[in-house]
Amino acid sequence: MKRIGTAVTAATAALLLAQAPAATAAGTTGWTAPSCTRVTGDGSVTFTTDEGRTLAPTTGTLHTTGYTHGLVALDTPNVLLATHNTQLLRSADAGCSWTPLATLGTGTTRLAAAPGGRAYAWQVGGGYLARIDGTTVTRLTAPTANITGLGTDRAHPGHLRLADHAGQLFDSTDGGVTWTRTGRPAFPAGSSVYSVAFDPADVRHAVAGAMVRGGAVTTDGGTTWTAAKGLTAKGDKANLFSSAVSPADPSVVYGLGIDLDEAAPGSSSEGRHLYRSADGGRTFVKIVDDSAEIKLTNGTLLAPSPVDADVLHFVFGTYFQNYGTDLFRLDARTGRVTKTHNAYDGISAIAFNPARPQVMYLGADEVRVD
């Protein structure tokens, strides 16, 4: 019930969509902005046209604990996919209505879009993997029981790569049916890898993040890895929890981590920062510190703008004391961070309309504590 009170009214939503500018992204043939003023579905996905100041209301309201971890726009016009708990949801009208498509084998599934209307569903820290072609879901056998990242090839629908808990990459050219180990692990044996982020324009380019060892980057599919610099000011110990390569410029990479030399309890930021790299992940600089006004967590969602490499959207949300969710926007040109707020317990996924990137789709969470 608490959702609708903070959502935009139907009249305001219609006005915002009518004022939306023309398409600014490439490769968007057939895509349109949502024509609705209310999203029909279970309440797990909504959209905003003004970076979160107003949200489209939903016909359904989330009543039980659930997380929307996966959310992608496909190259099939106006088709999006989302995962809420174990449910795979589909929209064929630019996000105006959502219907269940299938039940997946895990409740922590991410999604990666691929060419030809295809997508892959994969489990963070687990082995679940599936290919989605239109409305058909095919279970696949992953080459690892602990997936830390998955990337797809824009030029070849059957080509994808994934990474395991050691930062070892695996390559498939037949849509995930068979796999080949490629290159070497990103870090020495025994390292604990948090995540591996792939460049959406080039699966040979990936950035890995690990406990204590910080980050590493490859541009040749894992044949060689280069240790990232700049994550720590004094030494070489840092945690890089996650990273995201800008779809607008692959030389720009955003990261979330902790400088362990600054991580003493009671310090102003406890060492937690957002970082930015301008050389593909080889060198990072701190751009935002954790603070009372800008709260960063180890799992902060990073969503770079698809059309502006200097813009990053990120999220802080919690059910505690019914706080809700802050949706932040960083302009790296000026260092300015702005914030909007909504009543959802969290936002676990963000996608952008390919033709109208100012339309942001948000995957909502509900946390209930009895």
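The model is predicted. Its largest nonpolar core has 19 residues, and a second, separate core has 17. The structure also holds five aromatic pairs and two cavities of 30 Å³ or more.

**Nonpolar cores**

- Within the largest nonpolar core, the residues that touch the most other members are W31, F47, L71, L80, A82, W98 and Y361.
- Four strands each supply at least two residues of this core: β1 (45-48), β2 (70-73), β3 (80-84) and β26 (346-352).
- Apart from this core there is a second one of 17 residues, and among them are F241, A244, Y254 and F316.

**An aromatic pair**

- Of the five aromatic pairs in the structure, one is formed by F314 and F328.
- The rings of F314 and F328 are stacked, with 4.8 Å from centre to centre and 15 degrees between their planes.
- F314 belongs to strand β23 (residues 311-318) and F328 to strand β24 (residues 324-331), so the pair links parts of the chain that are 14 residues apart.
- F314 has a relative accessibility of 0% and therefore counts as buried, the cut-off being under 20%.
- F328 is buried too, because its relative accessible area is 2% and the cut-off is under 20%.

**Empty spaces**

- Rolling a probe the size of a water molecule over the atoms shows where empty space is left.
- The second largest pocket contains about 230 Å³ of space.
- Its lining is made up of 16 residues, and those nearest the pocket centre are E51, S305, V307, P357 and Q358.
- Sorted by class, the residues lining this pocket are six nonpolar, five polar and five charged.

**Residues with positive phi**

- N78 is not a glycine, yet its phi is positive, near 70 degrees.
- The loop between β2 and β3 holds N78.
- N78 counts as buried because its relative accessibility is 13%, and the cut-off is under 20%.
- V212, also not a glycine, has a positive phi of about 70 degrees.
- The loop that contains V212 runs between β15 (202-210) and β16 (214-218).
- V212 has a relative accessible area of 34%, which means that it is partly exposed, a class that lies between 20% and 50%.

- G66 sits in the loop between β1 and β2.
- With a relative accessible area of 0%, G66 is buried.
- Between G66 and E366 there are 300 residues of separation in sequence, but their C-alpha atoms are 5.2 Å apart in space.
- Leaving out residues up to four places away in sequence, G66 touches H84, N85, A364, D365 and E366.

Terms used. Residues numbered from 1 in each chain as written. Predicted model: local features only at pLDDT ≥ 70, side-chain atom pairs only at ≥ 80, totals over all residues. Heavy atoms only, no water. 1 Å grid on protein atoms, 1.4 Å probe; cavity = no way out; pocket = protein on both sides within 12 Å on 5 of 7 lines; lining within 4 Å. Points joined across faces, edges and corners; volume = space filled by probe spheres on them. Nonpolar A, V, L, I, M, F, W, Y, C, P; charged D, E, K, R; others polar. Phe/Tyr/Trp six-rings, centres within 6.5 Å; stacked < 30°, edge-to-face > 60°. Buried < 20%, exposed > 50% of the residue type's maximum accessible area, 1.4 Å probe, protein only. Core = buried A, V, L, I, M, F, W, Y, C linked by side-chain atoms within 4.5 Å. Contact = heavy atoms within 4.5 Å.
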